Amino acid sequence: MINEDALSLTPRSWLQMLAKGERKRLLGSALCGVMAGSQTIVVVVGLAWLIDQLVVHDQSPISLVPIFSLLVGCVLLRAAFQWGHEMLSLEASLRIRQRARAQLLDKLSALGPIWLTSQHSGSLANQVVEHIDALEGYFARFYPQLRITLFLPLLILAVAGWLDYLVALFLLLAAPLIPLFMALVGMGAERLNRDQFVAVSRLSAHFIDRVRGMTTLQLFGRTAAAQQEVWYATDGYRRLSMRTLRLAFLSSAVLEFFSSVAIAVVAMYVGFGLLGYIEYGPSPALTLFSGLAVLLLAPEFFQPLRTLSQHYHDRAAALGAAESVVNILNQATLVSKQRSLMPLSHRSAIELTAVCVTYPGRGQVIGPINLTIQRGEVVVLSGASGSGKSTLLALLAGFIAPSAGEYRRQEDSHFAWLDQQPSLLHGSLIDNLRLASPDASREEMLTALERAGFGPLLTQLPDGLDTLIGERGVGLSGGQAQRLALARVYLSNASLVLLDEPTASLDHETEQLVMAPLLELAQEGRTLVIATHHPAVIDAAQRHLAFEQGELVEVSE
């Protein structure tokens, strides 16, 4: 059954869902920002009143010291609110990014190795790191500032209207033009950011592919051509980044132009009003206090919008990053109707009852399957390529879940998995062996390598267990890498061992050498399920199951 709930996310809805988890901190940050802005209003109006008292009313400076002290207190209070605004927003942003990264990693884990093998690891790593980090500016700056911009200008407008309603009218008429042009520019910036994140993901995958294939490129003399291809890819990304920045600067220029025009209109009105050239409305009542106050308030009215414009690029970057992440989160995963780990009979290791597996877009690939595997049995799966052997092994491992039927496995059981292309990491042999058993001693590692047929090679290595190998076994042949992975199986204490073509890269002599210790695992009480085409492995098994025309049948020997 496909989980439909995960298919309805959009970049905006995902960002809103993340914001809900830190609603209190984000709203607290916005509230602190509004309070800091309100202190600015008090300081501006108080400063205009002090100047009016000193110049017009000829008050002595000493008599105004209490008011001046009050304004100094407002400045300090404004700094405290500004600190609270930044601290709360940064803390919320950090927690949101941690949650978003955990959500993405959980989704990748749920999709499993079957899906991951078809993806570029460089692109996925870039999404987990860079794309999630791109959300920082949105939640730390843009999101709280958007709430501040909704309330603080209204507060300033109310104060300006109390002093002179014509100034408030000028500001009110100029204000809608700024968000309008910001939105028009922002739509282009959002598209460019989306393209930019796609480009950097492709660039990461492109670079990783070239690094992994460096040996092959050197052998065929293609390093110069590969270097040129990387240069073209990076130059394309540079050009796209510059276009994005150019558009971001354009949005700031649009804001500065309209805010400057509006402030100039207010300044002209105040100047001509004080000189007596304007005699309609509240103009005759203009004083140095009211005129200076509204003139100082005009830039503060546009300051939240100006700050929002500076962070508007963060919104476009977040939407671009969120789209690539949401594409992964919306990938359909198979959800089992029944628990995959359920109680079963004492002798059974695995029980499948009418189990089917369905892939989105491909329909049912295997099933219905009824199968019981006893503990300690050695079971071989055979069949043509694409018949379903690897899918059944992935189902038994829990990498995918059945779309129908019941799958029972030993509770709290562990399994060992060996794929056709074993996963080996850059590091020493010890580092790779400890993936299976972190506490294994060097003696246990040597024994496991001997059982896997790796012993003769180990004696030829000058550094022994400390020998370094590259990612995916660079420095080892295919058969040597397979034997090293088999040694990890021997080190593990897994009760269920799943092997996908374990002897595919081995010659006949080495195959016999490796299979004997594998069969000994069954005598230790472990259950082995092996997908293979090799007759020698099939003959050594206790049971032989074959896929024929989409059905799993038991072959009698």
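How far apart do the end C-alpha atoms of residues 26–51 lie? They lie 38 Å apart, and the span is 100% helix and 0% strand. This is a predicted model: local features need pLDDT of at least 70, side-chain atom pairs count only at pLDDT 80 or more, and totals for chains, interfaces and linings use all residues. Residues are numbered from 1 along each chain as its sequence is written, and side-chain values use heavy atoms, leaving out hydrogens and water.

**Annotated spans**
- An unreviewed UniProt entry lists residues 26–51, 63–81, 146–163, 169–189 and 247–272 as "transmembrane region"; such annotations may be inferred rather than shown by experiment.
- Residues 63–81 are 89% helix and 0% strand, with end C-alpha atoms 29 Å apart.
- Helices (H or I, at least four residues) and strands (E, at least two) are DSSP runs, numbered from the N terminus.

**Helix H1**
- H1 covers residues 11–21; Pro-11, Trp-14, Leu-15, Leu-18 and Ala-19 are buried (under 20% relative accessible area, 1.4 Å probe, protein chains only).
- Seen down the axis, these buried residues fall within an arc of 140 degrees, so they line one face of H1; the arc is that of the directions from the helix axis to the C-beta atoms.
- Gln-16 and Lys-20, on the other side of H1, are exposed (over 50%).

**The sheet**
- Three strands form an open, antiparallel sheet in the order E2-E1-E4; pairing requires at least two DSSP bridges between strands.
- E2 (363–374) and E4 (404–409) are the edges, each with a single partner strand, so one side of each lacks a neighbour in the sheet.
- Eight bridges join E1 (residues 348–359) to E2.
- Ser-348 has Gln-374 in E2 as its bridge partner.
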